[in-house]
Amino acid sequence: MPVFHIDGEPVEYEPGEKVLSAALRCGKIIPHYCYHPGMSVVATCRMCLVDVVDLGNGRPAPKLQTACSMDAAEGMKVETLNPKVEEGRKLVNEFLLVNHPLDCPICDQSGECTLQDYAFEYGSGKSEMDYSKRVNGWRDIGTFVALERNRCIQCSRCDRFTREITGTNEFGMFNRGHELTIDTYADRPMTNKFQGNMADICPVGAITEKEFRFKRRVWKLKKNHSICTGCSTGCNVTIEHDRNEVFRLKPHENQNVNKWWLCDEGRLTYRLMNERKTRIHQPLGRVDGKLEGVSWEEAYAAIAERVADMSPLPEEVLALTDTHASNEELFLLQKLLKDVFSTDNTFCPLPKWEQSESEFFINTLITTDKTPNRAGALALKIKGDAKSAKLKKAIEAELKVVFVLGNPFEAEVEVLEKIKKAQLVVHLGTFHNSWSEIADVVLPGQYYSEKEGTFINKNQRVQATEVAVHALRRTRPEWRILADLSAALGQQSSYGSSADVFNAMTEQLKAFSGLSYAEICGVGKELRQQTKDSGMKVVKAQT
Amino acid sequence: MAEETLVLFKNIRNPKYDKSLAAYKKSGGFKSLKKVFGMKPEEVVQEVKESGIRGRGGAGFPTGLKWSFMAKGTGKPSYLVANADESEPGTCKDRELMLKDPHMFLEGLMIGCYAIGCHHGYVYVRGEYFPSIKSLNAAVDELYADGLLGPDPLGSGFNLDITIHTGAGAYICGEESALLDSLEGKRGHPRVKPPFPAVSGFNGCPTSVNNVETLACMPFILGDNGVEAFKSFGPQNNSGTHLVSLSGHVNRPGVYELRMDVNMKDIIYEYGGGIRNGKKLKGVIPGGSSSPVMTADEVDVLYNFDDLAKKGTMMGSAAMMVFDEDTDVVKLLHRITRFYAHESCGQCTPCREGTHWSRQIVRDFLNGNGSDEKLQRLNRVGGNMMGTTLCALGDAAAMPIQSFVKKFPEEFRKYYATV
Amino acid sequence: MFSKDIQTQVDKLLSRYPIRQNALIPILHLAQKENEGWLSEDWMQHVADICEVPLTHVEGVVTFYTMFRLKPPGKYHLQVCTCVPCCLVGGTELLEHTEKKLDIHAGHTTDDGVFSIEEMECIGACSFAPAIIVNEDYHEQVTPEEMDKMIDELRQ
């Protein structure tokens, strides 16, 4: 790849790439506001001014150039640390602060605000402006975000976002010069499903998420890289939390899945991470018709005893799972049924779902399959079909033992009624639902923010969640529950972690061969052998 | 009164001229176009290059060179857009051409279209120029009726259309890339360059934007012996005659067509008839409000691009604004800063904030709150807009501020000095 | 919404440009004229549909250019230039005089809706200053007395 120099250091660039893009890729810091790798270059903030001492032809540029609009060239020499550049950054910073309110004490952006950071790093440290500042006021611009126009530095990222990324054209630039405002016009709040991204890309606290307003100072938040489990796209996120409470999800850049974006629905899945009332807090056993708290040992012992009494035949046992379960959980559930009960009757719902297609990439993110691991279930050959025909046949038999993982078939009353008649129903789940109501034993699992697990997204990409917050004290991760249950029923195993289970899968299953756990936890990796999903339908997105 | 050198105003100075197509043809019009249709386009560009003509819109960029930059073989149509946005304060010369001899300008536009392979030329006229728009539309209708526009002008087989397009009130649309955005039906925001209009201009196609007066020179240049004659009107590198818009405190303000080797003193005293009411000269803004101001003792200089550049100022659009000894210079600067604050498009940080802030500082002086410190600040803030903005409006706003502070500091001090 | 004659002009304009959007500003001028000198939300939406651009785009364009008005002007819109050359020869005083005569400030309309005043930046009549535009007509080298006379005549 061709090379140019920044501050004496060689930087590789792709032909046609801009100086700023190449610099950022190589870890060189050049301050900027309006540049965003996912949108067009406008070069209006002027913060990325650099000194091009050699254009590549032996001559210097006549004045400071914006790095975001300057094509890198062979032999180019750029300086970013000399007095001229320092002056340039100082003056741009001064001009931006001239009309910016001193809102830091009450502004959500404080702590992750590039205006703050650059003012501290490059600013002159004093104000020479003694006149009235421009005042425009707060506006409610949409269902998910609010606009504090006084803070706007007119970088126009939000304007480009609704034009180039969502194609909804809800934002625009109005008036000109000093009066330039960038927002919705008149009272037309935005309705696009990706408004949270506008708060992300806004470099200051002009656009903020209503959900997060005034809730927590960002420097208190711990961040963990995980995946959103709201649908089968599996957008990468950071779970941001403080003292075990999750405050928000932000997108984590992954060019192979969600690029830089996350939908609002996905952001709101953080609420379930904090939900406590409907969680199953401890193992429960039905005594005289009522569920009572028991210990894990008591629960396992009771199940083992009942199974020994019944000695069920293979066709008298089955398992139901939803596709919220991780690959490890599905694998161990299948294994439990096969090793202990010699049956492969593990069922999951596999309804038809729709993938949107659109000229705007962001519109393809939201799918109608609101579970994160349908592709995992297919890869593991869990039984299921669009009308659940196979399941309905299997439940005709006199069932003795039924394991239910999560909340599958929640709308299918006839399935519930049939399962209810089984002699032993064991429910592994995180939230109380209709299954825990009819179960004989309820074993409490953990939510995505509390456990590790791998999931396969709609494009056959294997990704992993990371432990972000502490799990409820008396819960256990489902992989461990299933392994312990198998052991209690006579099948020992030696898994020490979810990763161990995954590694076993890569050894035992052709579909998972060749994958490394470390790689999955980074950017994820596609399955080598991919299962076709006949339930997917591609539809045109509606803007 | 001193004499003009009539090339562009040849017909306009004739009291009997009625600007009709017939009258224009009678005075020799469209002979050059016929000659041009018999030349190769590259030959036309070469002649224009040799004539040395520089853009009359303000930047003074060599026109022949600009046309030679046009990207070729792109598969996209080429466009020539005439810049009739004339909004630089002090400038009122293009309107004279459009109002009183539209055909000379249109013939020049057509010559330019042929030279760069453009089959549809646009004229971007500022929206306020209602009389010029009417005049141009009538002239274009005449050309279509005559067959000079349409499928086969003068039997050349070079189909040619012209559309008169109106702006809607924005000085920034005189900047060529903002003009193109406006022509495309958008806000007039100057574009990031590169790509330059010669590569990607109107709707992404190779485009050349040229001033009205520049194009109006083409019939003369491409006429018999035109190149040599044109060069003879001025010193090396400053060829041709040009239209000078003289305004302010002179006895005879007006638009004069002059050679490029006339002394500024003569323009003020001979052509302009000297300062009105017997007053003394205090200063001159030589080339539109964007040019650095000159004091009375600096006006002994030839009025052309290079001689003025050597004096640290610029000729720009040849709009000379003369002011006398009674003029309140600080008030004048305030009006200038008000203009730029009003016209800034607002895209880029230094201009959006700097034009407004500098105006606030000058107003502070007028309100009696001036100081040495504030004068320094004014100079600094103005200077910070120089070379840091996306387009030249930042520089245009910076130069008057810095030059007024440099040349007339005592006028500012009058507002706050108690001693 | 356009009258038949103007619709013909609109169609002709659309045919002169490679992309419909390019004709936006000339068509907005026609719409403004049809609507008595200003652009309502309905007209902006109509032009947006004709030019196949989003409404937000048209609103952005309308608020950018000074000639597009969002509220009705007077029957006679007096556009007085006070920019540098006009300012040098009495443009500011002419504006103040007009404001006094009509008892309104620039940017407003008289109560009877007959006159409105707009302060202009350079209108390109610098060598013939002070200059004003009344609706679409230029008047140059205007003295305060001539301004008075013109206003009185227009009132008739």
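How many residues does the contact take from chain A and from chain B? The contact takes 26 residues from chain A and 24 residues from chain B, where two residues are in contact if their C-beta atoms, placed from the backbone, lie within 7 Å. This is a predicted model, in which local features need pLDDT of at least 70 and side-chain atom pairs count only at pLDDT 80 or more, while totals for chains, interfaces and linings use all residues. Residues are numbered from 1 along each chain as its sequence is written, and chains are lettered from A and ligands numbered from 1 in the order in which they are written.

**Interfaces with chain B**

On the side of chain A that touches chain B, helix α2 (residues 83-98) of chain A gives the most, with 6 residues. Helices (H or I, at least four residues) and strands (E, at least two) are DSSP runs, numbered from the N terminus.

The contact between chains C and B takes 35 residues from chain C and 46 residues from chain B. On the chain C side, the elements giving two or more residues are α2 (24-34), α4 (55-64) and α5 (84-88) of chain C.

**Chain C**

Chain C has 7 helices and 4 strands, running α-α-α-α-β-α-α-β-β-β-α from the N terminus on. Its C-alpha atoms fill a box of roughly 50 × 35 × 25 Å along the principal axes. Of the 156 residues in chain C, 46% are buried, that is, with 20 or more other C-beta atoms within 10 Å of their own; 12 or fewer is exposed, and in between is partly exposed.

An open sheet of 4 strands in chain C has the order β2-β1-β3-β4, with mixed pairing; two strands pair if DSSP finds at least two bridges between them. The edge strands, β2 (115-120) and β4 (137-139) of chain C, each pair on one side only. Strands β1 (residues 76-81) and β3 (residues 132-134) of chain C pair in the antiparallel sense over 3 bridges, and C:Leu78 stands opposite C:Val134 in β3(C).

**B:Asn263**

B:Asn263 is found in the loop between β6 (254-259) and α12 (264-271) of chain B. B:Asn263 counts as partly exposed because it has 15 C-beta neighbours inside 10 Å. Not counting residues up to four places away in sequence, B:Asn263 touches B:Asp300, B:Val301, B:Leu302 and B:Tyr303.
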